[in-house]
Amino acid sequence: IFAADPMNGFPPGTPVGRPATVSLAGTLHLVAAGLGFLGLIAATAVLARRFADEGSPGWAAGSYATGLLFLAGFAGLASGSSSAGVVLGFWVALFVSWSWLAAVSVRLYRRVGTTRPGPVAAGR
């Protein structure tokens, strides 16, 4: 919905470097991305706790590790650095996070209908 401002030669024909001014759409892009990224990090922590409580230490550790990796990648990018290492690190963190999200989604989907409802779900 909110397009990022062109910069550093992207899209082709754009001058190298940062734009002189940031548009409203560019600002809203950064805000929305930041909120979404923080939500993803929070989700890894919440699900890590749930997996630990369920007795799934591997899933818990993987969830915590994914959250920490993504936090590091996001922090590197948010620092304003546009070095190749920081950008590559962010893309690796993004790939790992989306892979975690897919794996957790499949795991939880397979459990739908296989567990008995608890007191809240049963209306007690």
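Q: What is the accessible surface of the chain, and what percentage belongs to carbon and sulfur atoms?

A: This is a predicted model, and its values are computed. The accessible surface of the chain comes to about 8,500 Å². Carbon and sulfur atoms account for 71% of that surface.

Q: How many helices and how many strands are in the chain?

A: The chain has 3 helices and 0 strands. Read from the N terminus on, its elements run α-α-α. The chain is more spread out than a compact globule, because its radius of gyration is 19 Å, well over the 14 Å that the globule rule gives for 124 residues.

Q: What does the C-alpha trace of the chain span along its principal axes?

A: The spans of the C-alpha trace are about 60 × 30 × 20 Å.

Q: What percentage of the residues of the chain count as buried?

A: A residue counts as buried when its relative accessible area is under 20%. By this criterion, 19% of the 124 residues of the chain are buried.

Q: Is S63 buried or exposed?

A: S63 is buried, because its relative accessible area is 0%, and the cut-off for buried is under 20%. This residue lies in helix α2, which comprises residues 57–78.

Q: Which residues does S63 touch, not counting those up to four places away in sequence?

A: With those sequence neighbours set aside, S63 touches T44, A48, F51 and W100.

Q: Among contacts between residues at least 6 apart in sequence, what percentage join residues at least 24 apart?

A: For the chain, the value is 52% of such contacts.

Methods:
Residues numbered from 1 in each chain as written. Predicted model: local features only at pLDDT ≥ 70, side-chain atom pairs only at ≥ 80, totals over all residues. Heavy atoms only, no water. Helix = DSSP H or I, 4+ residues; strand = E, 2+ residues; numbered from the N terminus. Rg over C-alpha atoms; globule rule 2.2 N^0.38 Å. Buried < 20%, exposed > 50% of the residue type's maximum accessible area, 1.4 Å probe, protein only. Contact = heavy atoms within 4.5 Å. Areas by Shrake-Rupley, 256 points an atom, 1.4 Å probe, with all protein chains shown as cover.
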